[in-house]
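Work through the exercises below with the model open. Try each task before reading its solution.

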Amino acid sequence: MASYETAEAAYWAFLETFNARDAAGWAGVNSWPHARISAAAPESAAHWRPPTRVFADAEEYLAEPLWADLEATGWVRSESLPPTVVQASNDKAHIAGGWTRYDTDDEPMAANRVVYVMTRSGEGWGIQAQLKTDSFADGVDFSSQKRAAVSAVEATLALLDAGGIEAYCEALSYPFTLVGPPGIIIKIDTAEEMASAMRGVGDDRLKAPPGTARVVNCGRSGANVTFRVERDGVPQRALALVGLRDGAWRMLAISGI
């Protein structure tokens, strides 16, 4: 389990260990179980397929070779975007960040925008999940995608606000991932399973005030969006990864603070 003093320290260590080709150190930045969730279009060639992966431990995480494949493309190093904490509590934080890959001529090859879900255990901070847009490019105007992502989140939450659990669940994309408190990741495969889980824990008491959705980062087919809900009148902050699926923007994952 990761043991960094701050969420930001764990964020910087993620690419520092990666650039050093330090497999044990790179896996050691994570908290377990660890999720990588991609908003890349299903037909894309984005790395780490399938789009939703949940790793139980470091051994599973490192089972697939990575550096050799990247080096074959000309990759030499990656550089982190400065982190921005967009939501935080004592034991969980959402950090907006990302990276740019560079080749042997120190020219940029690719870039990504990600929200890293950081959690604190008894040992310290680590990365519990990566919510990846996987469709970012520098210099591109993503204004229309941002509007579409916010509209999708607001429309989906409006179903929940109206008490329509089944309609809300049908509006999500599956597999759907819930990133809960430290150490808790739940992957749900169907709308029926989601509706059953929500009724079981009483989430029909959730309300979603309109107008709270804000885009944190965005790409052609993915965006991370913050929003607020209220449980029995108590405000709670959350973030959703939204992806373009079959022509419609749908929520792929939620992490609450």
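Predicted model: local features only at pLDDT ≥ 70, side-chain atom pairs only at ≥ 80, totals over all residues.

Residues are numbered from 1 along each chain as its sequence is written, and side-chain values use heavy atoms, with hydrogens and water left out.

**Exercise 1. Overall form**

Task: Compare the radius of gyration of the protein chain with that of a compact globule.

Solution: 
- Step 1. Take the radius over C-alpha atoms; the globule rule is 2.2 Å times the number of residues to the power 0.38.
- Step 2. For 257 residues the rule gives a value near 18 Å, and the protein chain has 18 Å, so the two agree.
- Step 3. Count elements as DSSP runs, numbered from the N terminus (helices: H or I, at least four residues; strands: E, at least two). The protein chain has 7 helices and 14 strands.

**Exercise 2. Burial and contacts**

Task: State what share of the residues of the protein chain counts as buried.

Solution: 
- Step 1. Of the 257 residues, 49% count as buried.
- Step 2. Turn to contacts (heavy atoms within 4.5 Å). Among those between residues at least 6 apart in sequence, 57% join residues at least 24 apart.

**Exercise 3. Strand 7 and its partners**

Task: Find which strands pair with strand 7, and in which sense.

Solution: 
- Step 1. Two strands pair if DSSP finds at least two bridges between them.
- Step 2. Strand 1 (residues 30-38) runs parallel to strand 7 (residues 125-132), joined by 5 bridges. N30 stands opposite I127, and I37 stands opposite L131.
- Step 3. Strand 6 (residues 108-120) pairs with strand 7 in the antiparallel sense over 7 bridges. V117 has A129 as its bridge partner.
- Step 4. The hairpin of strand 6 and strand 7 has 4 residues between the strands, and G124 there takes a positive phi near 145°.
- Step 5. 8 of the 8 residues of strand 7 are buried, so strand 7 is largely enclosed by the rest of the structure.

**Exercise 4. The other side of the pairing list**

Task: Name the strand that pairs with strand 1 in the antiparallel sense.

Solution: 
- Step 1. Strand 2 (residues 52-55) does so, over 4 bridges.
- Step 2. H34 has F55 as its bridge partner in strand 2.

**Exercise 5. Backbone exceptions**

Solution: 
- Step 1. Most residues other than glycine have a negative phi, and most peptide bonds are trans.
- Step 2. W32 and P33 are joined by a cis bond, with omega about -5°; P33 is in strand 1.
- Step 3. The bond from Y174 to P175 is cis, with omega near 5°. P175 lies in the loop between helix 6 (165-171) and strand 8 (176-179).
- Step 4. For positive phi, see R21, near 55°. R21 is partly exposed, at 33%.

Methods
Buried < 20%, exposed > 50% of the residue type's maximum accessible area, 1.4 Å probe, protein only.
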